Amino acid sequence: MADQISPAHADLWVRGFAAAITDADDHLTDLDRRSGDGDFGTNMVTGLRRSLTALPERPDSPGAPFQALSDTFLSHSGGTSGPLFGMWFRDFAKAGNGTPAMTLAGVAEAAERGWATVTRLGAAKVGDRTMVDAIAPAAESLKRSAAEGRSLAEGLREAAEAAEAGAEGTSELLGRKGRTSYVGDAALGAPDPGAVAIGLFFRAAHASVTQEADEAR
């Protein structure tokens, strides 16, 4: 099982995330209808399809696939969340550019910087019912796992679980940012779609480093 994220693992991570979002398109769109304008799933799928065509055939660093993802979202993705996801991906690109592989500590650093970036640009904090509610627990889990010397796979699995729990927790929150702040308790009972997408992002990360072991069997 991989102990570092190589360029090939990063490529698998991005492709796996794109596949997961595409599979969840209808679900994400339905969630967004309850809290926004119903275009979140469509915007994410469109952005990711464009990103896949821009992925380097042979990435020279683990940052390269995230750079393509970031550039595409910042240039073409619509809605409020598109640019925020673009900046989130950019912090992973920065962490992976110029290095042959990313450690768990490197992923933790990227997530922490991404958390700060999204918080600053989106003016959202934990409890506002946004993607930050999934990013924050995942970033804290990664930082803790790196400090405790957990394996890469274990750290990413726990980050995915933390992000998914954070996303589910938004079901009980009233929105305080964006369109969801206008719908009041109508959105209660359904998680924020952006937070759900962050859970899928880290679940794809875990799959990318365990897939190698599965294929070797």
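**Helix packing, core and salt bridges in a predicted model**

The axes of helix α1 (residues 7-23) and helix α4 (residues 63-76) come within 7 Å of each other and cross at roughly 35°. Here axes are lines fitted to C-alpha atoms, for helices over the stretch in contact, with angles running from 0 to 180 degrees between N-to-C directions; helices (H or I, at least four residues) are DSSP runs numbered from the N terminus. The residues of this α1 contact with α4 divide into seven nonpolar, no polar and one charged, where Ala, Val, Leu, Ile, Met, Phe, Trp, Tyr, Cys and Pro count as nonpolar, Asp, Glu, Lys and Arg as charged, and the others, Gly among them, as polar.

The model is predicted, so local features need pLDDT of at least 70 and side-chain atom pairs count only at pLDDT 80 or more, while totals for chains, interfaces and linings use all residues. Residues are numbered from 1 along each chain as its sequence is written, and side-chain values use heavy atoms, with hydrogens and water left out.

We turn next to helix α5. This helix (residues 81-96) has 16 residues and reaches 23 Å from its first C-alpha to its last, close to the 22 Å expected at 1.5 Å a residue; the expected span is 1.5 Å times one less than the number of residues. Within α5, the buried residues are G82, L84, F85, G86, W88, F89, D91, F92, A93 and G96, buried being under 20% relative accessible area, exposed over 50% and partly exposed in between (1.4 Å probe, protein chains only). L84 has a relative accessible area of 16%, and therefore counts as buried. Leaving aside neighbours within four places in sequence, L84 touches V118, L121, G122 and M131. With the same exclusion, F92 is in contact with W13, G63, F66, M102, V107, A110, A111, F201 and F202. Just after α5, G98 takes a positive phi of about 80°.

The largest nonpolar core has 58 residues, and F85, W88, F92 and F202 have the most contacts inside it. Such a core is a set of buried Ala, Val, Leu, Ile, Met, Phe, Trp, Tyr and Cys residues joined through side-chain atoms within 4.5 Å. Helix α10 (residues 193-216) supplies the largest share of this core, nine residues.

Salt bridges complete the picture. The structure holds 10 of them, each being a side-chain nitrogen of Lys or Arg within 4 Å of a carboxyl oxygen of Asp or Glu. In α1, R15 and D11 lie four residues apart, about one turn of the helix, and their side chains form a salt bridge at 2.8 Å, N to O. R15 is partly exposed because its relative accessible area is 38%, whereas D11, at 14%, counts as buried.

Elsewhere, E148, R150, E154 and E158 are linked in a network of salt bridges. R150 pairs with E158, the closest N and O atoms being 2.6 Å apart, and with E154 at 3.7 Å, N to O. R150 is partly exposed at 30% relative accessibility, and E154 is partly exposed at 29%.

Note on methods:
Helices (H or I, at least four residues) and strands (E, at least two) are DSSP runs, numbered from the N terminus. Contact means heavy atoms within 4.5 Å.
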